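Dear colleague,

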Amino acid sequence: MRLYVIKLNTIHKYVLIGVLALVLFIGIFASGETVAEVFEQKRDLPIYSVECDEKKVSITFDCAWGADDIPDIVNTLKEHNIRATFFIVGHWAEKNPDMVKLIADNGHDVANHSYSHLRMGAIDNNKIRTEILKCDEVLKRITGKKPELFRAPYGDYDNDVIRIARELNEYTIQWNVDSLDWKPDITPEQIKERVLNKVDNGSIILFHNDTNHTAKILPSIIEELQDKGFEPVPVSELIMRENYEINFEGRQIRKR
């Protein structure tokens with residue numbers, strides 16, 4: 001006959017695991033949820049791109065620093081008869097109200113990029129809400145219209161960020177084509193290659209103002225997009241407003 005010796009601390013370990021498992025399953029039974037629902041990670045995603053049968057894309061600009069190139073960017077968009085989306089930091093807007101008004105008066109989306117350009121995933125919920133609301137107030141004071149689109153600075157978000165923006169009636173917008181135009185060592189050719197090689201139906205393209213190359217190469221990028229058959233539209237016209245869901249890639253798709 002074999003004798004099995006089990007250490008006391010091992011017994012304690014298995015007893016603890018058993019108790020925790022029992023508590024978990026009692027909780028599941030009481031809530032009516034399935035095991036799969038409990039263990040599934042429920043992650044809220046912003047809109048990275050949009051399911052689109054037509055060859056439509058959105059050109060977006062994050063405005064957080066200088067403003068000298070805004071007239072050139074707006075003029076280029078006007079010359080090509082297209083509208084874009086500008087995600088504007090509230091503090092930037094306070095320093096450059098004439099530029100915000102120029103953007104709005106030319107029919108572009110004026111969107112929320114927070115007030116202080118903080119990493120939203122690193123601050124508490126009250127501060128997240130304050131950052132969005134304060135930017136809303138500044139932009140509404142200048143344009144007369146509350147923003148309906150929000151983009152987290154640095155693309156840094158979590159479930160709370162998206163939930164709070166949604167509670168404030170704003171869609172959280174990310175991007176799926178990053179020009180990386182902010183990098184000091186990137187060349188105009190590299191920016192164009194990144195954009196033109198990655199763009200697809202429903203893409204949201206990220207640019208910044210106050211960079212070394214963006215304002216200068218924007219005309220040729222727009223022309224090449226149009227040559228490929230793409231129609232640039234503002235994000236407010238690209239996204240769906242009802243009967244949609246966001247898949248695991250952050251793509252806004254029609255409910256099946």
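Two strands are said to pair if DSSP finds at least two bridges between them. In this predicted model, strand 2 (residues 56-63) and strand 8 meet that description, pairing in the parallel sense over five bridges. Within this pairing, Ile59 is placed opposite Ile205 of strand 8. Strand 8 also pairs with strand 7 (residues 177-178), again in the parallel sense, over two bridges. Here Asp178 stands opposite Leu206 in strand 8.

Five of its five residues are buried, so strand 8 is largely enclosed by the rest of the structure.

For the protein overall, the secondary structure comes to ten helices and eleven strands. Of its 256 residues, 45% count as buried. Among contacts with a separation of 6 or more, 74% are between residues 24 or more positions apart.

Strand 10 runs antiparallel to strand 11 (residues 251-254), and three bridges join them. Tyr244 has Arg254 in strand 11 as its bridge partner.

Turning to the helices, helix 3 (residues 70-79) packs with helix 9 (residues 214-227) at an angle of about 15°, their axes being 9 Å apart. Helix 3 is therefore roughly parallel to helix 9, since angles under 35 degrees count as such. The crossing of the two helices is right-handed. From helix 3, Asp72, Ile73, Thr76 and Leu77 meet Ala215, Leu218, Pro219 and Ile222 of helix 9. By class, this contact between helix 3 and helix 9 has six nonpolar residues, one polar and one charged.

One of the residues in this contact is Asp72 of helix 3. With a relative accessibility of 46%, Asp72 counts as partly exposed. Asp72 and Leu218 are 146 residues apart in sequence, while their C-alpha atoms are 9.6 Å apart in space.

With kind regards

Conventions: Residues numbered from 1 in each chain as written. Predicted model: local features only at pLDDT ≥ 70, side-chain atom pairs only at ≥ 80, totals over all residues. Heavy atoms only, no water. Axes fitted to C-alpha atoms, helices over the stretch in contact; angles between N-to-C directions. Helix = DSSP H or I, 4+ residues; strand = E, 2+ residues; numbered from the N terminus. Parallel < 35°, antiparallel > 145°, perpendicular 65-115°, else oblique. Left-handed = near helix turned anticlockwise from the far one by under 90°. Contact = heavy atoms within 4.5 Å. Nonpolar A, V, L, I, M, F, W, Y, C, P; charged D, E, K, R; others polar. Buried < 20%, exposed > 50% of the residue type's maximum accessible area, 1.4 Å probe, protein only.
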